[in-house]
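The following note is intended for a colleague who is meeting this structure for the first time. Please read the numbered points alongside the model shown here.

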2 protein chains.
Amino acid sequence: MGTVSRPAEDICSIQRTLDLIGDRWTLLILRDVFRGVRRFGQIHDDLGIARNLLAGRLSRLVDHGILERVQYQARPVRHEYRLTQKGRDLSPALIALMHWGDHWYAGDEPPTVLVHESCGSALDLVTTCPGCGEVVDPHQIRSRPGPGLRATSVPRQEHA
Amino acid sequence: MGTVSRPAEDICSIQRTLDLIGDRWTLLILRDVFRGVRRFGQIHDDLGIARNLLAGRLSRLVDHGILERVQYQARPVRHEYRLTQKGRDLSPALIALMHWGDHWYAGDEPPTVLVHESCGSALDLVTTCPGCGEVVDPHQIRSRPGPGLRATSVPRQEHA
DNA sequence: GCGAGTGAGTTTCGATATGCAACCGACTCG
DNA sequence: CGAGTCGGTTGCATATCGAAACTCACTCGC
């Protein structure tokens with residue numbers, strides 16, 4: 001029977017990603033930073049996260065180049081945490097999670113709407129196929145081993 | 001200074017979503033199910049998750065209608081876990097996380113490639129603005145309170 | 001029918017992570 | 001000077017996790 005033949009971390013970038021940001025707090029912290037909540041105390045107040053955990057998570061994010069600690073005033077020396085490009089690149093993931101929550105838990109009344117600055121309309125996140133240019137339904141997605149996986153027997157995988 | 005004025009759970013579907021699937025294992029389990037790894041033992045072998053935790057996560061996902069437990073044979077009664085529509089709708093989030101990991105940790109050699117079944121080319125996930133039809137850069141995204149948030153003073157929020 | 005084997009959990013228990021509160025150090029303001 | 005604020009760190013009780021053992025239902029070979 002076509003069972004999985006190798007540990008998952010070899011196959012999948014999802015694993016690596018979740019090892020880094022897949023705990024209960026990190027994505028919430030990043031969401032705050034995206035929203036402009038960038039300072040230690042603000043994030044703490046907003047999330048209710050324990051201060052020691054917040055300190056740990058922030059420094060881990062800084063270590064991994066997802067956030068950077070920037071001094072924004074000198075009188076009392078104060079820093080804030082800003083997204084790097086690497087951090088900003090997580091935006092699609094956050095948006096996807098938000099849309100899912102909106103759709104399944106907020107009905108037609110999303111608590112927050114994302115807006116395209118230049119045209120003012122609400123945003124959508126879609127999977128587009130660069131080959132045919134069409135929007136892709138999850139059922140039409142198949143996965144196969146890519147070049148980063150040394151070629152051994154990974155069974156055909158279904159998707160959905 | 002425009003600070004946050006209310007607890008985050010009121011504002012954001014990301015919070016609700018992460019409360020449900022934002023722990024270290026759940027998204028990995030879902031990824032397995034997406035890939036066709038649907039049975040208790042398979043998932044356990046693949047992820048190395050403790051059996052008690054796997055049992056707990058699976059039943060929570062079933063309780064919340066993300067997976068369903070389906071009997072697939074009767075001789076020895078055996079069940080497998082299948083995605084519901086609600087579960088399949090998480091696909092964009094998983095894809096976004098995977099792309100991020102590919103981009104930042106796999107260089108140009110992603111371990112797994114997603115393929116559009118009908119045309120065979122690798123997939124992309126982009127944020128498209130339904131208003132102007134253009135691909136949206138994260139810098140151009142702003143958020144504002146939506147209809148699901150009873151209107152009180154939520155400050156202007158920046159994004160990135 | 002009997003013993004071994006398998007899949008899917010559940011229980012137990014020590015290791016780890018979390019949450020809370022108190023403390024600290026730099027700085028500012030009255 | 002003394003109180004207040006910001007951004008943490010430390011200590012400790014508790015909650016959660018992980019590994020292994022155990023249970024239970026069922027099947028198979030004999």
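1. B:C129 is buried, with a relative accessible area of 0%; buried means under 20% relative accessible area, exposed over 50%, and partly exposed in between, computed with a 1.4 Å probe on protein chains only. Its sulfur lies 3.2 Å from the closest cysteine sulfur, in A:C119, which is too far for a bond. A:C119 is partly exposed, with a relative accessible area of 35%. The whole structure contains 0 disulfides over all chains, a disulfide being a pair of cysteine sulfur atoms within 2.5 Å.

2. On the basis of the note: this is a predicted model, in which local features need pLDDT of at least 70 and side-chain atom pairs count only at pLDDT 80 or more, while totals for chains, interfaces and linings use all residues. Residues are numbered from 1 along each chain as its sequence is written, chains are lettered from A and ligands numbered from 1 in the order in which they are written, and side-chain values use heavy atoms, with hydrogens and water left out.

3. Chain A has 7 helices and 5 strands; helices (H or I, at least four residues) and strands (E, at least two) are DSSP runs numbered from the N terminus. Along the sequence, the elements of chain A follow the pattern α-α-α-α-α-β-β-α-α-β-β-β. Of the 160 residues in chain A, 50% are buried.

4. DNA strand C is surrounded by 17 residues, and the closest are A:N52, A:L53, A:R75, B:R69 and B:Y81. A residue is near a molecule or strand if one of its heavy atoms lies within 4 Å of it. Of the atoms of DNA strand C that come within 4 Å of the protein, 66% belong to sugar and phosphate. The surface near DNA strand C draws at least two residues from each of α5 (51-63) of chain A and α4 (40-47), α5 (51-63) and β2 (78-83) of chain B.

5. An N or O atom in the side chain of A:N52 is 2.8 Å from a base nitrogen of DNA strand C. B:R78 has a side-chain N or O atom 2.9 Å from a sugar or linking oxygen of DNA strand C, and a polar side-chain atom of B:Y81 is 2.8 Å from a phosphate oxygen of DNA strand C.

6. Around DNA strand D there are 19 residues, of which A:Y81, B:N52, B:L53, B:R57 and B:R75 come nearest. Sugar and phosphate make up 65% of the atoms of DNA strand D that come within 4 Å of the protein. Here α4 (40-47), α5 and β2 (78-83) of chain A, together with α5 of chain B, each supply at least two residues of the surface. A base nitrogen of DNA strand D is 2.9 Å from a polar side-chain atom of B:N52. For A:R78, a polar side-chain atom is 3.0 Å from a sugar or linking oxygen of DNA strand D; for B:W25, a polar side-chain atom is 3.2 Å from a phosphate oxygen of DNA strand D.

7. Which residues of α5(B) are buried? They are B:L54, B:R57, B:L58 and B:L61. Seen down the axis of α5(B), these buried residues fall within an arc of 100°, so they line one face of the helix; the arc is that of the directions from the helix axis to the C-beta atoms. An α-helix has 3.6 residues a turn, so residues three or four places apart point the same way. The face of α5(B) turned away from its buried side carries the exposed residues B:N52 and B:D63.

8. In α4(A), the buried residues are A:Q42, A:I43, A:D46 and A:L47. Their directions down the axis of α4(A) fall within an arc of 110°, so they line one face of the helix. A:G48 follows α4(A) and has a positive phi, near 75°.

9. B:S118 is found in the loop between β3 (112-116) and β4 (124-128) of chain B. B:S118 is exposed, with a relative accessible area of 55%, and its side chain makes a polar contact with the side chain of B:H116 (3.2 Å).

Methods
Polar contact = N/O pair within 3.5 Å; in protein donor to acceptor, adjacent residues only side chain to side chain.
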